[in-house]
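Dear colleague,

I am handing over the structure we spoke about, and below it you will find my notes on what turned up. Please read them with the coordinates open.

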Amino acid sequence: MNIIDKRNSLASSSSRSYRRRAKSSIRNIAIHHSATTSGSAEAFARYHVNELGWPGIGYHYVVDKDGSISLCHDVEVVSYHVGNSNSYAVGICMVGDFRTQTLGEEQRQATLDLTRSLMSELNIPIDNVWGHMEFPGYEWKPCPSINMQTFRNWLSEEGTSMPGRPSPRPTYVAGARQRTVLSRGDQGDDVRALQERLDELNFHPGPIDGIYGSQTTDAVMRFQRAASITVDGIVGPETRENLRDFEGSGDQREHGSPTDEADDKEEMYQSESRRLLRFIRPMMRGEDVQIVQEKTGAVVDGVYGPETEESVRRFQREEDLTIDGIVGPQTWRALDRINTSTGYQRLLSVQTPYLQGNDVKRVQRALNVTTDGLYGPMTERAVRNFQRREGISVDGIVGPQTWRRLFN
Ligand SMILES: [Zn+2]
């Protein structure tokens, strides 16, 4: 095998890093294609770091068309490539778009050799070598767009490197098997994936919550009607196939993306404290909600209600982000950034009861108004005047931008 060590040469984030794991926690090998007709470990790393804001490239290995293999991460690194399965999977990406291209012999051999060597090193059975789309929640993703059963047959039939080696027993991850039929009342990652797909195709299924309720049923029926198949609100093989191939009016992000991982949702799985947060019922709760509330100046009760959503909107407006009241990867990154700026803690605005604290006093001192530490109408007026003088948006709210103007 021709393996080139690029662990220290690829683009990576200066402020963030992937966490690590024990080798023994690795249970799967994930096979991807890049969904781009050409590319390289260098290009994917730049895209994942600079465009998606990830700590580093998503894959552990990248296999070029000529069969050369780039080593991008130690297998102990928990990088992003299969969503909520990242913690137990190693990712191999083959450069190419196998929806339209064929896998060449050199690349095929190199990928098989690499996979076999990882199976041996990590004691992973053939049945745990999965295509990206075989991972829970990714059944709609056309990755790697080669037949994985054939790939596994190649692994065993042509696997001469390990003669007589007893095959370890498959260790399935709980919930990792896809159900073949989904219907009302079902819950889980596969339901969530179904909802995401329906949403992508503009058959809005309501909240993407992994629960197959009345709205999801309704969306499935509308889809079935549009696809001219039996309308029963149940997702069986026929509906599944149509969902996968349907060319709806939804924007096909998949096709325009430089790699198949151009998936913002990827990051929301990275840890418990980085969920996608938004206002849904039942309302989301947790420490991550508290962090958002502290930083956006909402009342800190750990429950993501309408007021928190409004604070997030104000924050997004201030930071020139998409204003949707949802804390996704982009907003999380903006929230992370504000910690590093000079003493800025939270968004200040007139609320009931008035916000109070030392940060309010600092603002008041800087604006020469009564230093009572309460953010009321007087302070707001002074902030508006300041913003007008500075030529920035006049909203009477001290967000990161106004804070920087005041103190830098
Ligand atoms: Zn993939």
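Please bear in mind throughout that this is a predicted model.

I begin with Asn-242, which has its place in helix 6, the run of residues 237–245. With a relative accessible area of 24%, Asn-242 is partly exposed.

Gln-316, which belongs to helix 10 (residues 306–318), counts as buried because its relative accessibility is 0%, where the cut-off for buried is under 20%. Its side chain reaches the backbone oxygen of Ile-326 at 3.0 Å, and Ile-326 is also among the residues that Gln-316 touches beyond four places in sequence, together with Leu-321, Thr-322, Ile-323, Asp-324, Gly-325 and Thr-331.

Finally, helix 3 (residues 148–157) has as its buried residues Met-148, Phe-151, Arg-152 and Leu-155. Viewed down the helix axis, these buried residues fall within an arc of 95°, and therefore they line one face of helix 3. What they pack against is strand 2 (28–33), helix 2 (105–122) and strand 6 (129–131). At the N-terminal end, helix 3 is capped by Asn-147, a side-chain oxygen of which lies 2.8 Å from the backbone nitrogen of Gln-149.

Technical notes:
Residues numbered from 1 in each chain as written. Predicted model: local features only at pLDDT ≥ 70, side-chain atom pairs only at ≥ 80, totals over all residues. Heavy atoms only, no water. Helix = DSSP H or I, 4+ residues; strand = E, 2+ residues; numbered from the N terminus. Buried < 20%, exposed > 50% of the residue type's maximum accessible area, 1.4 Å probe, protein only. Polar contact = N/O pair within 3.5 Å; in protein donor to acceptor, adjacent residues only side chain to side chain. Contact = heavy atoms within 4.5 Å. Arc of directions from axis to C-beta.
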